[in-house]
Amino acid sequence: MRRKNLFKTLIILTALIWSVIVLTPTYMLNQQKQEADNFYAAIEENTSLNRNDIKAALSSGNLELQVRNTFKSTNGNSVDTLLEDVISLIKVNEKIEENEPKSIKLGLDLQGGTYLVYEVDLPKMLETLAQERDSDLDSGIKKTVARTRETNEDFFAALLEVCREDNLRLSRYFGRSRDSNEDIVSELKEEAEDAINRTLSVLDKRIDQFGVSEPSITKQGDRRIVIELAGIQDVERAKNLIGTTAQLKFQLETEADIVSAVLSQINRAMKRQMAGGGQEEAEGDSIPVQQKVRQDTERRIDDLFGAAGASIVDESSDTENSGGDSTVVVDERIFQDRPFDALLANIGGDIGVPVKNVRTVERILNSPEVQKVIPKDGEFLFSAKSLQIGENNFYRMFMLKKNAEVKGSMIEDAQVQIGSQFSAGQSEVSMDFNSEGARIFAKVTGANIGKRLAIVLDGKIVSIPNIESKIPNGRARITGMANIEEANDLAIVLRAGALPAPIEVIEERTVGPSLGQDSITSGTTSALVGFTIVIIFMAIYYRLSGLVADFALLMNLTVIMAVLAGFHATLTLPGVAGIILTIGIAVDANVLIFERIREELRSGKTIRAAIDNGYARAFKTIIDANLTTLLTALVLYQFGTGPIRGFALTLSIGILVSMFTAIVVTRVIFDYFTNKFSLSKLSI
């Protein structure tokens, strides 16, 4: 008997010591976070950086540089004084990073944050993978999308059905000519599965560098990814960073004489279309850069192009992007001779497009008639940002050679820097290419001195510098960043790589910090009030034996928290509810035992015999009650999702721990006192 109790005592002591060791990082983390908050506040007050900027800079290791560049003296503080806070924050942050993985994680409902659900855009993926595209393929994809929306059918099953109905052979666009539609769809499904797995990896890298502690990125079903960013309230910035495709290319600008010739042909194509398909009356030269003073007037598109020409700017194909604006600004003096040029402007020798005309110009460029006159190896792209001249805003438009000279996949590293000379004080991103990229970049710059090389990010021209000399060191830089935050996000995206397939947000939720704090306060208050009531009730009703049960309850709560921390579980509000319920279950077991002991004492048994019989009689009832609850919790965990699983997990842990504390811990305490002291009466 003594040997058994010695073994049980060792188990109890081991559990207690293990719990204290496991919970120590959580306690230390709370202290360190409070310390770090003071440093964050000091840096925010004396710089233009916000909390997310500081976290991102801490992650990338350039916080000191950014603090120096954004310092603004407040209350007479010097930058050197602030840098002491920066160094302290870096040290505290290192300790936080060390303790955070060992601590109890709080869910979004407890500390606030962002919840996003992304879905891989399969139609876009098909368009990207297609070796060539035509109206039949586009029509098939549109019908497939419409079918899946109506019937909730699997995308690829719907695609097969559409192909059968329209007699569409996918081998014209994917795979090999001898492949059947079923074979190609099977390969596309594998491609989609691989794309989502690679997307998970890329998103993990991006978010890791974003400065989010303990993010949750999980795959849901075949096409969805669920992202939980605890502590992040700037949902728009998070979405921009996560959803950026980041297809970076370096493309040479097409020679000016070719651009001029293409613009002339576009003018002729438009005139033919406006004349109802006949020959144009005259072939005017297209040289928009020669136009010096424009006299723009605002006209309705329908009135300007007429019924025959309306097809070339058909808004029905771009209704979502048209924004409902059916007017353009146009120089009517040249419209009849050069209708396309009349929509453009001259901006320092480059082609400018008034913001109001951008969608119309895009529709014209994408129309079948105009596509025929644009060379296969060329494409028109717009600048990423507009330029304000006087009271008007313009986007610049360039014709580039379609084949990229260097691709973003060759980038080895990307860092934020503060520019010098012409871009002094402005944020920019410097990039280092790998050996292959450096070799190609040196070859391209050496062979095209004097020409312009466009840096194209996701189909928009970020900058288009002039090549002044051969660049042999494999380094390039992107200028024109609006602020250091934008430069930081771009550097993160470039370092992490591009997404293998486009993704779109289908659900987003933001839990504010006030809601999170309310949840913590209400949950903690409920637990403490419930716990205190139980403690007092047990002490009053069962006297010293009640205090033994209270000790078991305290140990129960400590071990539950330790198990959560030890297994890196996330504590959510439903999880808190599970813990509160466990407290009731735990004390219920002790009530059963104590009542049985009372019955044995009333029947005249000795204290020793009453305790033995009390535990023996209550044991079966306790096991039955807890086992059925445990099975229910396991079923909830297996088939539930999100908050339900959190509740089921804490309830399961709580049931197992409560049985241990109620049956083993209290019994060892009773055995110790009855063996150590000659008790004449049991306080129960």
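**Rings and a patch**

Colleague: Which residues do ring pairs link into a cluster?

Modeller: Keep in mind that this is a predicted model. Ring pairs do join up into a cluster here. Its members are F537, Y541, Y542, F594, Y615 and F670.

Colleague: And how many aromatic pairs does the count come to?

Modeller: Two rings go down as a pair if their centres lie within 6.5 Å. By this rule the count comes to 11.

Colleague: Take F250 and F441: why is that pair edge-to-face?

Modeller: F250 sits in strand 5 (residues 248-252) and F441 in helix 17 (residues 435-447), so the link spans distant parts of the chain, 191 residues apart. Both F250 and F441 are buried. The ring centres are 5.7 Å apart. Planes over 60 degrees apart count as edge-to-face, and these stand at 70°, so the pair is edge-to-face.

Colleague: What about F433 and F441, how is that aromatic pair oriented?

Modeller: F433 is buried, as is F441. Their rings are 5.0 Å apart, centre to centre. With 40° between the planes, the pair is tilted.

Colleague: Over to the surface: which residues form a nonpolar patch there?

Modeller: The patch has about 400 Å² of accessible area together. The residues forming it are Y672, F673, F677 and L679.

Colleague: Is L679 buried or partly exposed?

Modeller: L679 lies in the segment after helix 22 (643-676). Its relative accessible area is 39%. Buried would need under 20%, and exposed over 50%, so L679 comes out as partly exposed.

Methods:
Residues are numbered from 1 along each chain as its sequence is written. This is a predicted model: local features need pLDDT of at least 70, side-chain atom pairs count only at pLDDT 80 or more; totals for chains, interfaces and linings use all residues. Side-chain values use heavy atoms; hydrogens and water are left out. Rings of Phe, Tyr and Trp (its six-membered ring) pair if their centres lie within 6.5 Å; planes under 30 degrees apart count as stacked, over 60 as edge-to-face and the rest as tilted. Helices (H or I, at least four residues) and strands (E, at least two) are DSSP runs, numbered from the N terminus. Buried means under 20% relative accessible area, exposed over 50%, partly exposed in between (1.4 Å probe, protein chains only). Patches are made of residues with over 30% relative accessible area and no salt bridge: like charges are joined within 9 Å, nonpolar side chains (Val, Leu, Ile, Met, Phe, Trp, Tyr) within 5 Å. Accessible areas come from the Shrake-Rupley method with a 1.4 Å probe; for residues, only the protein chains shown count as cover. A salt bridge is a side-chain nitrogen of Lys or Arg within 4 Å of a carboxyl oxygen of Asp or Glu.
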